[in-house]
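Morning, everyone. Let me put the structure up, and then I'll walk you through its charged pairs and its sheet.

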Amino acid sequence: MHTCPRCESKEATVVSKSPVEGAWEVYMCPVCIFTWRSIEPETITNPEKYNRAFKVNPADIPLAENVPALPAKYIK
């Protein structure tokens, strides 16, 4: 498991790996649905350096009232 930079959940897992062994991995947090690559800068991958303006409190997620709808052209 990995720590999510956005909500600091310890539940993030590897969801994809580079076809070139060890080049990169993609992680996803099941709590806030944030995804990131292992090759991103520390301002994205390190929870302590992640921009506080974009942090999410996991307790606030169920209270989110305004989730944008998908545009009709994307719904099939």
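Start with Glu 42 and Lys 49. Their side chains meet in a salt bridge, at 3.4 Å from N to O. By salt bridge I mean a side-chain nitrogen of Lys or Arg within 4 Å of a carboxyl oxygen of Asp or Glu. Glu 42 is partly exposed, at 43% relative accessibility. Lys 49 is partly exposed too, at 46%. On that scale, buried is under 20% relative accessible area, exposed is over 50%, and partly exposed lies in between, with a 1.4 Å probe and protein chains only.

A word on the source. This is a predicted model, where local features need pLDDT of at least 70 and side-chain atom pairs count only at pLDDT 80 or more, while totals for chains, interfaces and linings use all residues. Residues are numbered from 1 along each chain as its sequence is written, and side-chain values use heavy atoms, with hydrogens and water left out.

How many salt bridges does the structure hold? There are 4. One of them joins Arg 37 to Glu 40, with the closest N and O atoms 2.8 Å apart. Arg 37 is partly exposed at 39%. Glu 40 is partly exposed at 22%.

Next, Glu 8 and Lys 55. Their salt bridge has its closest N and O atoms 2.7 Å apart. This pair links distant parts of the chain: Glu 8 sits in the segment before β1 (13-17), Lys 55 in the segment after α1 (42-45), and 47 residues separate them. Helices here are DSSP runs of H or I with at least four residues, strands are runs of E with at least two, and both are numbered from the N terminus. Glu 8 is partly exposed, with a relative accessible area of 40%.

Now the sheet. In what order do the strands run? The order is β1-β2-β3, 3 strands in an open, antiparallel sheet. The edge strands are β1 and β3 (35-37), each pairing on one side only. Neighbouring strands are turned by 30° against each other on average, direction ignored.

Strands pair if DSSP finds at least two bridges between them. β1 and β2 (residues 25-28) have 4. There, Ser 16 stands opposite Val 26, and Val 14 opposite Tyr 27. β2 and β3 are joined by 3 bridges. Met 28 faces Thr 35 in β3. These two strands form a hairpin with 6 residues between them, and Ile 33 in the turn has a positive phi of about 65°.

Methods: Axes fitted to C-alpha atoms, helices over the stretch in contact; angles between N-to-C directions.
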